[in-house]
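Look at the sequence and the model below. The paragraphs after them go through the chain step by step.

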Amino acid sequence: MNILVILIPVSLCLGALGLIAFLWSLRADQYDDMDGAAWRILLDDDAVPDDEKSDKGKA
């Protein structure tokens with residue numbers, strides 16, 4: 001039973017720390033663009049610009 005004297009305050013401190021971290025992430029706008037990362041994976045970053053296509057044809 002004596003261990004509860006230590007475990008209860010430790011668990012309350014860890015819970016408060018988690019709550020503070022969550023509130024900080026809300027204020028720091030970490031959850032603003034939830035769909036942006038999902039759409040960025042679908043974009044084709046390997047597309048070659050028209051300038052480079054015409055240069056490759058000349059060589």
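Helices (H or I, at least four residues) and strands (E, at least two) are DSSP runs, numbered from the N terminus. The model is predicted: local features need pLDDT of at least 70, side-chain atom pairs count only at pLDDT 80 or more, and totals for chains, interfaces and linings use all residues. Residues are numbered from 1 along each chain as its sequence is written, and side-chain values use heavy atoms, with hydrogens and water left out.

The protein chain has three helices and zero strands. Helix 1 has 24 residues and spans 34 Å from its first C-alpha to its last, close to the expected 34 Å (1.5 Å times one less than the number of residues). After helix 1 comes D29, whose phi is positive, near 60°. D35 lies in the loop between helix 1 (4–27) and helix 2 (36–40).

How much of the protein chain is buried? Buried means under 20% relative accessible area, exposed over 50%, and partly exposed in between (1.4 Å probe, protein chains only). Of the 59 residues, 3% count as buried. D35 is exposed, because its relative accessible area is 52%. V10, found in helix 1, counts as partly exposed because its relative accessibility is 41%.

The accessible surface of the protein chain (Shrake-Rupley method, 1.4 Å probe; for residues, only the protein chains shown count as cover) comes to about 5800 Å². Carbon and sulfur atoms account for 64% of this surface.
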